[in-house]
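Biologist: I've got a structure to look at and I'm new to this. Could we go through it together?

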Amino acid sequence: MKKLIFVVGAILLIVLFPIFTNNSYHLYLMNRALIHAILATGLVFLTGFAGQISLGQAGFYAIGAYTSAYFTVKLGMPITVGVIAGIVISVVAGFLLSIPSFKLKAFFLSLVTIAFGQIVWMLVINLTPITGGPSGFFGIPFYSVGNNMLSFGQVFWLFGGLLFVSVFIMYRIKHSHFGRAMLAMNDDDVATETCGISTKRLKMAAFGFSAGLAGLAGALYAHLAGFLSPEPFTFFESSNFVAMAVVGGLRHMSGGVVGGIGLTLLPEFLRFGGWENYYLMVTSIIVILIIIFVPMGLGPILESLFRKIFRLKRSNTKTL
Amino acid sequence: MLQDILQNIVSGASIGATYGLVGLGVVFLWLTISRINFANISSAMLGAYLFYSFYTQLNLGFFISFVLSIGVIALYGLGLRVFIYEPIRKRGGGRLEFVVATLMLCTFWLNLIIVVYGALPKPFPPVFGGSNDFISLGGIRIPSLYLNIYLVIAILMVFIYFILNKTLIGKSFRAAAQNREAAALMGIDVKVTTSLSFIMATVVVGIAGILLAPIYFVSLELGGGSIGVKGFASAVLGGLTNPYGTILGGISLGLLENFSTLYISSTYRDIISFSVLVAVLILKPSGIFNWKRKKI
């Protein structure tokens with residue numbers, strides 16, 4: 001019962017957020033945070049559950065963003081079609097990127113993903129007819145129903161719903177035979193193969209799923225910002241995304257949400273008067289400190305905090 | 001036509017050799033702790049900016065500035081071990097934690113440099129010869145900058161060979177690289193070799209930064225551009241364990257870059273070299289220039 005109250009309370013708090021503030025910058029920021037949460041959730045799935053690594057997630061993010069932008073602006077499709085196309089093409093790219101992971105592990109795999117991210121970034125800069133190049137891609141339509149433009153608050157609910165759906169899908173996958181096989185593969189590839197489980201298929205699925213979420217996040221970002229330039233898709237963004245997943249907690253369901261929202265808002269909190277020059281520096285130091293002192297991430301810590309507050313029994317929420 | 005080709009070989013090989021130096025930083029750390037420092041390239045940027053400070057801003061002369069900046073970089077390498085690597089290891093953080101911590105370190109240094117020096121590139125003093133100094137050799141112009149790069153790298157390689165093969169500390173370094181536990185049992189102080197590898201890794205990349213600065217200017221490009229990835233690529237071509245293979249890998253990467261600029265297109269130069277990196281990783285992850293065939 002208490003768990004139910006807690007869950008309902010948390011959902012209400014999130015849903016009501018747009019009512020508390022009218023500041024459109026705060027709302028825009030929260031929307032960005034939700035986008036990052038979606039992307040980081042995909043990374044938690046890929047790294048924490050399936051044991052693969054990707055330092056090129058900004059590549060999928062870019063593919064999703066530019067595909068959706070191209071479909072809506074150049075081909076005149078509705079936004080829904082653009083977003084779905086972005087997801088589909090990202091997933092295909094994810095399947096392709098999973099091929100090196102059949103053979104490579106850890107550092108070697110991370111190098112392949114870095115190279116992938118860099119290649120996509122350079123294509124974004126150089127394929128000017130499609131992406132607009134360094135001068136940018138303009139005039140991407142904002143979310144609307146019929147002829148009514150949605151407000152930032154309504155977009156927040158939309159994104160929140162999508163985030164909830166992605167976490168829910170991840171939750172269902174984790175507790176299926178598929179998810180258990182993935183956890184086994186995370187512990188030991190070879191042993192999993194000897195149990196008659198095709199790790200190749202699992203790796204493809206994991207890369208595909210996380211790439212799909214990154215593509216979704218990219219497409220959502222494209223329509224939120226209305227303008228795309230190559231800057232948000234650099235290698236440093238990829239490393240930020242991985243940092244979000246690690247800070248949130250790689251083995252925890254809430255890792256992506258906590259890390260994505262936390263690391264998007266943290267620099268903004270540090271951006272008060274007189275500190276504008278230092279906030280990015282301080283952010284990276286804080287992330288390093290969190291990684292050193294809380295290697296399991298903030299997600300599990302928040303969970304145990306909530307447990308203490310609501311006196312939940314462990315057995316109730318073991319599956320969280 | 002032949003002159004063009006020779007000219008490109010000269011310039012490609014010299015830039016590639018500095019990529020190889022950046023790759024050496026990766027190799028030295030991989031040999032001892034099997035970790036990759038993703039802030040590897042930051043040492044290059046720090047080296048270039050420190051040298052700029054000491055030489056141009058404080059007027060200390062070439063030799064003193066060089067030694068001072070290398071000394072600071074060496075201290076930084078030690079600090080990397082004490083403040084990043086050891087705390088993470090003690091608290092049970094794995095490889096991924098180290099990866100993310102060093103990635104964040106890379107961002108940190110970039111932002112620190114922006115705060116201290118500003119984001120605009122600084123001209124590098126012409127200590128390795130100005131842009132108009134060159135030696136003509138049978139119709140090819142070899143800028144003295146490239147000659148100096150070859151010279152420094154040759155000295156460095158002899159020095160590294162001497163340290164690794166002829167001194168006791170180098171022997172213990174190689175022993176610890178082959179088998180950490182066994183080396184510790186033989187009475188080798190593994191902590192010293194670990195510190196040594198951190199120092200060697202950062203110093204080599206710092207020198208590479210000073211050598212690259214005349215080409216890329218004293219700019220953020222040195223600490224956040226694609227040079228770092230090319231350093232990783234040359235380390236991979238050397239199989240991550242072979243220092244000399246890494247230099248060769250870097251040189252071949254530089255040649256590949258220059259010839260793809262010459263024959264294909266300069267915009268797709270980096271895409272081609274990264275595609276080659278991916279192809280090598282998939283087809284031959286043990287490295288092309290790795291004739292020792294040790295464990296990866």
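Biologist: Which residues of α13(A) are buried?

Modeller: Quick background: this is a predicted model, where local features need pLDDT of at least 70, side-chain atom pairs count only at pLDDT 80 or more, and totals for chains, interfaces and linings use all residues. Residues are numbered from 1 along each chain as its sequence is written, chains are lettered from A and ligands numbered from 1 in the order in which they are written, and side-chain values use heavy atoms, leaving out hydrogens and water. Buried means under 20% relative accessible area, exposed over 50%, partly exposed in between (1.4 Å probe, protein chains only), and helices (H or I, at least four residues) are DSSP runs numbered from the N terminus. By that rule, the buried residues of α13(A) are A:Y279, A:M281, A:T283, A:S284, A:V287, A:I288, A:I290, A:I291 and A:I292.

Biologist: How far apart are the end C-alpha atoms of helix α13 of chain A?

Modeller: The expected span is 1.5 Å times one less than the number of residues. Helix α13 (residues 279-293) of chain A has 15 residues, so it should span 21 Å. That agrees with the model, where the end C-alpha atoms are apart by 21 Å.

Biologist: Which residue forms a salt bridge with B:R81?

Modeller: A salt bridge is a side-chain nitrogen of Lys or Arg within 4 Å of a carboxyl oxygen of Asp or Glu. B:R81 sits in helix α3 of chain B and, at 11% relative accessibility, counts as buried. Its partner, at 2.7 Å from N to O, is B:E86.

Biologist: B:E86 also forms a salt bridge with B:R89. What separates B:E86 and B:R89 in helix α3 of chain B?

Modeller: B:E86 is buried at 12%, while B:R89 is partly exposed at 41%. Their closest N and O atoms are 3.0 Å apart. They are three residues apart in the helix, so what separates them is about one helical turn.

Biologist: Is A:K203 buried or exposed?

Modeller: The side chain of A:K203 meets that of A:D189 in a salt bridge (3.0 Å, N to O). A:D189 lies in helix α9 (residues 189-194) and A:K203 in helix α10 (residues 199-225) of chain A, so the pair ties together parts that are 14 residues apart in sequence. With a relative accessible area of 3%, A:K203 is buried.

Methods. Helix = DSSP H or I, 4+ residues; strand = E, 2+ residues; numbered from the N terminus.
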